[in-house]
Amino acid sequence: MAMHDVLEDLTGVLAQVLNQALPPLDPDWWQSCVVNRLSIQQQRLVKERRVDSLSGLDLAGLLRVLDQNWNPLGYQLNLDQQARNWLKEAQGIRNRWAHLPPGGLRSEDAYRDIDTLCRLL
């Protein structure tokens with residue numbers, strides 16, 4: 001399995017899960033649970049691109065939304081501390097793969113990253 005496939009799968013699954021889990025949290029969930037939880041740069045992109053659904057966010061945005069809404073979502077989805085650790089690792093993995101160093105990563109690191117992302121999935 002290629003890292004690109006795992007990252008793509010994670011993006012799709014996160015969008016689906018968040019799409020089901022966020023609306024019950026707040027009547028204005030898009031603004032309060034999504035847009036307000038994004039970084040300033042991500043908020044600007046949402047506004048410029050007129051993104052109005054979770055499927056329009058990239059993996060970095062979705063991971064941030066999950067992280068920033070962890071307390072209510074963790075309870076609602078019955079997620080434990082290990083899942084939170086995988087989420088935090090996934091944020092680092094996403095950043096690492098988005099900005100690969102010249103020469104790429106060692107195979108051991110790539111396998112470790114894939115393992116963590118599959119566990120989060």
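Start by selecting Leu-18, Leu-22, Trp-30, Val-34, Leu-54, Leu-57 and Leu-117: of the 34 residues in the largest nonpolar core, these touch the most other members. A nonpolar core here is a set of buried Ala, Val, Leu, Ile, Met, Phe, Trp, Tyr and Cys residues joined through side-chain atoms within 4.5 Å. Buried means under 20% relative accessible area, exposed means over 50%, and partly exposed lies in between (1.4 Å probe, protein chains only).

Before going on, note that this is a predicted model, in which local features need pLDDT of at least 70 and side-chain atom pairs count only at pLDDT 80 or more, while totals for chains, interfaces and linings use all residues. Residues are numbered from 1 along each chain as its sequence is written, and side-chain values use heavy atoms, with hydrogens and water left out.

**The core and its helices**

Now colour the elements that give two or more residues to this core: helix H1 (3-21), helix H2 (29-34), helix H4 (59-68), helix H5 (70-76), helix H6 (81-98) and helix H7 (107-120). H1 gives the most, with eight residues. Helices (H or I, at least four residues) and strands (E, at least two) are DSSP runs, numbered from the N terminus.

Zoom in on Leu-117 next. Leaving out residues up to four places away in sequence, Leu-117 touches Met-3, Val-6, Leu-7, Leu-10, Ala-90 and Ile-93; contact means heavy atoms within 4.5 Å.

**H4, an enclosed helix**

Select H4 on its own. Eight of its 10 residues are buried, so H4 is largely enclosed by the rest of the structure. The buried ones are Leu-59, Ala-60, Gly-61, Leu-62, Leu-63, Val-65, Leu-66 and Asp-67. Show their surroundings and you will find them packing against H1, H2, helix H3 (40-48), H5, H6 and H7.

Two packed helices are described by the angle between their axes and the distance between the axes. The axes are lines fitted to C-alpha atoms, for helices over the stretch in contact, and angles run from 0 to 180 degrees between N-to-C directions.

The crossing of H1 and H4 is left-handed, a term for a near helix turned anticlockwise from the far one by less than a right angle (clockwise would be right-handed). Show side chains for Leu-7, Leu-10, Thr-11, Leu-14, Ala-15 and Leu-18 in H1, which meet Leu-59, Leu-62, Leu-63, Val-65 and Leu-66 in H4. By class, this contact of H1 with H4 has 10 nonpolar, one polar and no charged residues. In this scheme Ala, Val, Leu, Ile, Met, Phe, Trp, Tyr, Cys and Pro are nonpolar, Asp, Glu, Lys and Arg are charged, and the others, Gly among them, are polar.

The axes of H4 and H6 come within 10 Å and cross at roughly 155 degrees. The two helices are therefore roughly antiparallel to each other. Their contact uses Leu-59, Ala-60, Leu-63, Arg-64, Leu-66 and Asp-67 of H4, together with Arg-84, Leu-87, Lys-88, Ala-90, Gln-91 and Arg-94 of H6. The classes in the contact of H4 with H6 are six nonpolar, one polar and five charged.

The axes of H6 and H7 come within 9 Å and cross at roughly 135 degrees. That makes H6 oblique to H7, and H6 passes H7 in a left-handed crossing.

**Polar stops**

Select Asn-69, in the loop between H4 and H5.

Move to Gln-42 in helix H3, which is buried with a relative accessible area of 17%. Gln-42 touches Ala-60, Gly-61 and Arg-64, not counting residues up to four places away in sequence.

**Two loops with positive phi**

Most residues other than glycine have a negative phi. Arg-50, however, has phi near 55 degrees. Arg-50 sits in the loop between H3 and H4 and is exposed, with a relative accessible area of 72%.

End at Asn-78, in the loop between H5 and H6. Asn-78 has a positive phi of about 60 degrees although it is not a glycine, and at 70% relative accessibility it counts as exposed.

Methods
Parallel < 35°, antiparallel > 145°, perpendicular 65-115°, else oblique.
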